[in-house]
Amino acid sequence: MARVYQVPAHAFRWLALGVVLAVLPHLVSAPLWLQAAAVVLVVWRLLIQRGRLRMPGILLRTAMLFALSGATLWSYGTVLGPAAGVALLVAAFCLKLLEMFRLRDAYVVVVLSYFVLATVFLLYRNALVTIYVLVVLCIITAALIGINHPEAGVRSRTHLRVAGGLMLQATPLMLVLFVLVPRIEPLWNLPSDKREARTGMSDSMSPGEISRLAQSDELAFRVEFDGEPPPMRERYWRGLTYSWFNGRRWSQATPQNINSGELVYRPGDRPPDWYERLRNDRQGEQYRYRVLLEPTQQPWMYALTVPFVDDRRHMVARDFRLLATSEIRDLYTYRVTSWTEMTLDQPLPAWERRLNLSLPSEGNPQARAMAERWREEAGTDTNFANRMLMHFRNQPFYYTLEPPLLGDQRVDDFLFNTRRGFCEHYAQTMAFMLRAAGIPARIVAGYQGGEVNTLGSHLLIRQSDAHVWVEAWLDQRGWVQMDPTAAVAPERIEMGLREALEQQGETDAFGALDGFTNSALMQQLGLFTDYYEFLWQKWVVGYEQEQQGQLLSGLFGEITPVRLAIIMGVAAGSVLMLMFLLMLWGNRKPPLHWWQQEYWSMRKLLVRAGVDDNIQHGPRGMLAGVRAQSPAAAGAFEQWCQMYETLVYARPDLLAEGGGRRKRMRQLRRQVARSLRR
Amino acid sequence: MKDVLARAAAQISNVVLGKPDQVRLSIACLLANGHLLIEDLPGMGKTTLAHALARTFSLDFNRVQFTSDMLPADIIGVSIFDPDTRKFTLREGPVFCQLLLADEINRATPKTQGALLEAMEERQVTLDGATRALPEPFFVVATQNPVTQAGTFPLPESQLDRFLMRISLGYPAADVERQLLAGEDRRQASLALPPVIELPALQKLMALVTRVRASNDLVDYVQRILACSRDSGLFVAGLSPRAGLGLLRAARAWALLGSRDYVIPEDVQTVLGPVVEHRLSPVSGGATGTATQQLLEAVPVVRGS
């Protein structure tokens, strides 16, 4: 360890900056010990560079490695998985800084910087971060250039310029590769982070869950309609159905002993009867749109009822849900056509009827009694449902995010006692009552509404738009959507949660930031950033297998691997060729003047006639050869020589005047040519 | 005016027999205000040429025979204490003249060579802190034995660069030599030459040289020769910009000798050898032929596409 490689000062500046910037995004959400360790190690390395400190010995370094690995294990419980793995990587990377003994180590640090930088995309994937990554990429490249620079006195700014130039040159090729390289499904998936809790729907609805969700401003998904979007009150984004109630929570039900073809249909498979019928029943208004779904770690997808898809990545369920074939870990884009005015009067199989009528054997006696009494008075199922909705509307029920706690008999307590609740309370009470009255019913969970970004005319659906409603099976009408919340607080459906709560005099829920985020400027800014984020997601992140296939087959017809390889080769080749030609063009020589062309024409003439082929001969030098070999041509040639010498060497100012001299010289040359031929 | 130059050339050629090109080149070198290095074996007429030049152009002439024990003061001069006036008076050295013949310059030590070469470049001499300008014109003709001879200090390349031209005379042709043997003593004859061009006329001619036209195409040719000497890989180091300026100046003087007020490529080609050969060292194992030949064959007279 006698000699330590000194990174040249002009390169070290970029290397240090690149390392810090590559690590920074990871540190933002990292545990405190990692932040502290990174700062200490980087500062340590800076002090070594300044000669204030020495490189630590092997024992100390080993100890630090074990300490940091231990800390990772302690705070993540594992060293596998993206979050823990990246933390370990960042820690080890910072340690490597204290190990730059040789030039080789500096290269390792540079390559690791690139890698650590790339892992930023595991955490963030938006447009701003991409710009950041590109800038840091440029800085790290500048460090790499600096390390390889032989001179000591060079200015570090030069490296950055060279790096920028390299990146600009690489851009066209990058675009070609982006558009053309086949998107292959990953061979393995990163283990998902169970610890990393995502806000969103879950497969059961326990008390208070939706109201908690409603307080999150996080984006759930964006929707881009081919035409006009449906009005606000019709935007019910169906995600899940809860058919099973155990007295306390509603949850998804997977019926046992039922053929899976009875439950789901995957495009491309042979359609089961229920799907065949559903397809034949299509009528009325239809909407075509593309959904850009944020990762949920769950397989369900959101769409307007009734969705139809023709992509084998998705499945349509019998209860009109859309499902992905695997969990959604990345931004997920899909196209849907929804028919919103269909009558869903399919025959209800016995198992489905049974499932949607099931209730716990006891509990909520008051509610059950009222349901039975009302059913008798109503006469029909429809009348019963309407009476239920009227009851919510006319009695003093309140819509609130902060309902009082309910007792064991949840439905009784809510119906007759508290009467203050959020959509989940109304929906589950309604579903309970319907089932108690012998009407098949289930709860549908999803989102309702959505804000229109006027810049891009796409819809933004946030977690705060989370909503649950009810579907009931009525004779002759099939499944009918009912929203008890709309009966209690029509503003929620017409204008959104925020307005609804304000109307109810409840504004605390959104906290003190409201005044700030509500200002017109901030709203405009929010729309703006959202719009560019949307474009980014739509065109770059959302550019997946499907979009690529559509684009390529639209341009080149059917895509076979051979054809794709040829297209890629041709595209990359032509980009490189174009850049090569640009370089040539930049280095091109100025065009010849007419008198220079005249000289070379005459020269060619004499060389061809075998009179003179000495490259160092000017006109005078050639004259001797012409006189000796072809006296006939000598006269004209001598005149030509004189003109040339006069114009080019003695009186170049005459060249500008022109005046038939060019013509005259050409005539003389032809004369010489004729005499030479003879 | 121009036939004066022809008469001067003829007169010198009467003394330096059979070497018309070298005579004209040395006159061109003088007109171009450059210093001349004559490299040859002893007894080839180097000193005779220098004498004849001085007489013909009526220049104040000094001659220094360089030896290995010579000191800079022997050339530049020295301050001497005069007991009568009790003051230092400067005794000027032989360098204070218009044409200095530095005979066998490579016999002196580098220190002495350096003193002379500095005077050549600056055209002034600093003695005891006082700077004294040398006469105008100031023209050095140095002679040099080929370095293979014993007891010589070869001039380093940087100092060779100070000489505008290097020529060598070589053995005379047979008939010229017979004429030489039959005739009178050439050295005596050279001392008896009448002046052809007086100082004002010479200065006028020298001013005229700077006004000889070098057109864009010609300058381009010169530049391409310089670039080729640097980029072709034929030489260890390319020609300096000073060499390029010298080449163009020499070509102008040569054009004036040819009674033209503009330079043509042939002028450049003629002076190219004397001007660049001593500044270029070919890469060993490179192409055959002199540096001049290699350059001329590589660079077309007119720019091609």
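**Ground rules.** In this predicted model I take local features at pLDDT of at least 70 and side-chain atom pairs at pLDDT 80 or more, while totals for chains, interfaces and linings use all residues. Residues are numbered from 1 along each chain as written, chains are lettered from A in the order written, and side-chain values use heavy atoms, without hydrogens and water.

**Entry: domains of chain A.** I looked up the domain bounds, which come from an automatic or database assignment. Chain A has domain 1 (9–180), domain 2 (204–350), domain 3 (360–442 + 468–508), domain 4 (545–586) and domain 5 (594–677). I find the C-alpha centres of domains 2 and 4 of chain A 38 Å apart.

**Entry: a sheet in chain A.** I traced an open, antiparallel sheet of three strands in the order S1-S5-S4 (strands are DSSP runs of E, at least two residues; two strands pair if DSSP finds at least two bridges between them). Its edge strands are S1 (204–205) and S4 (244–245). Two bridges join S4(A) to S5 (residues 250–251), and Trp244(A) stands opposite Ser251(A).

**Entry: chain A against chain B.** I count 22 residues from chain A and 19 residues from chain B in contact (heavy atoms within 4.5 Å). The buried area (accessible area, 1.4 Å probe, that two parts lose on being put together, summed over both) is about 1,900 Å², with 55% from carbon and sulfur atoms. On the chain A side, Ile615(A), Gln616(A) and Tyr649(A) lose the most area, together 36% of what that side buries. H26(A) gives the most, with five residues.

**Entry: inside chain B.** Chain B is divided into domain 1 (2–203) and domain 2 (212–298), and I find their C-alpha centres 24 Å apart. In contact are 22 residues of domain 1 and 17 residues of domain 2. The area buried between these domains of chain B is about 1,800 Å², with 60% from carbon and sulfur atoms. I find three salt bridges across this interface. The side chains of Arg242(B) and Asp161(B) meet in a salt bridge at 3.0 Å, N to O. On the domain 1 side, H1 (2–15), H2 (20–31), H6 (157–160) and S9 (163–167) of chain B each supply at least two residues, and H2(B) gives the most, with six residues.

Technical notes
Helices (H or I, at least four residues) and strands (E, at least two) are DSSP runs, numbered from the N terminus. A salt bridge is a side-chain nitrogen of Lys or Arg within 4 Å of a carboxyl oxygen of Asp or Glu.
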